[in-house]
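Dear colleague,

I am passing on to you the structure we spoke about, and below it you will find my notes.

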Amino acid sequence: GGNMKETGSGAGGGGISVLNGGEFEMKGGTIYRNRTSGSGGGIWSYYTPMIFDGAVIENEAGKRGGGIYTRSGITLSNVNICGNVSKWEGGGIYANFSGIWAENTKIYGNSAGDFGGGVYCNATSGYITLTDCEIYGNTAAENVGGMYARQMCFIYGSTRIANNCVGGQWSEELGYYIGGEKSNVGIRSAGSQCITIRDTFTGSISISSIGGVEAGDPYLPEP
């Protein structure tokens, strides 16, 4: 548990920085209003797998991962990631060469100056798995307001991915971004990678073309 509030860093990890070995686990607590000129406004993890159960709110990164930057994979359970800002990719989360496994997690109201307002997964070997999650009201300046993935994405349960946008405006009343061009999910794929949906997915999917490449043969069942 515990809270990390209003700290700063010139390198990476405005709130928490963990690296090189072991495993980082945090149960409860809030990572709140931390800033870095590098990556990982709230949390920066380098070669240290993370298990997190808490909240990451209103953090800011001068590069990637306004809320969280990980290079080793992250497991999220019952987490709120909201109001985070990155100058480059991944307003809420940026995963580099690693995957994201999330359950009962909300990612909303985050903003990226480039791609992936909610999530940017730059994993050539990892993938994203979402179970009973919500990704909504995020925005990106360039492309894919909701979630951008380099590899496969698996969506299970009552996950909702909707109302994300490119070039949206912040709504004080709603507490997340609205307007702009609809852009929920984008995947850069070599051809066979896809989005797989099972169970009671309740959102809406729009595949965004990124650099002229779209998801290869996504499996999108009828509602």
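Strands here are DSSP runs of E with at least two residues, numbered from the N terminus. Please also keep in mind that this is a predicted model.

With that numbering, Asp-132 falls in the loop that links strand 18 (128-131) to strand 19 (134-136). Although Asp-132 is not a glycine, its phi is positive, at about 55 degrees, and its relative accessibility of 30% makes this residue partly exposed. Asn-163, which is not a glycine either, has a positive phi of about 60 degrees, and this residue sits in the loop between strand 23 (160-162) and strand 24 (165-166).

Leaving aside residues up to four places away in sequence, Leu-76 is in contact with Phe-52, Ile-68, Ile-81, Ile-93, Trp-101, Ala-102, Glu-103 and Thr-105.

As for the cysteines, the structure contains zero disulfides. For Cys-121, the nearest cysteine sulfur belongs to Cys-153 and lies 8.8 Å away, whereas a disulfide would need the two sulfur atoms to be within 2.5 Å. Cys-121 is buried, with a relative accessibility of 2%, and Cys-165 is likewise buried, with a relative accessible area of 2%.

Conventions. Residues numbered from 1 in each chain as written. Predicted model: local features only at pLDDT ≥ 70, side-chain atom pairs only at ≥ 80, totals over all residues. Heavy atoms only, no water. Buried < 20%, exposed > 50% of the residue type's maximum accessible area, 1.4 Å probe, protein only. Helix = DSSP H or I, 4+ residues; strand = E, 2+ residues; numbered from the N terminus. Contact = heavy atoms within 4.5 Å.
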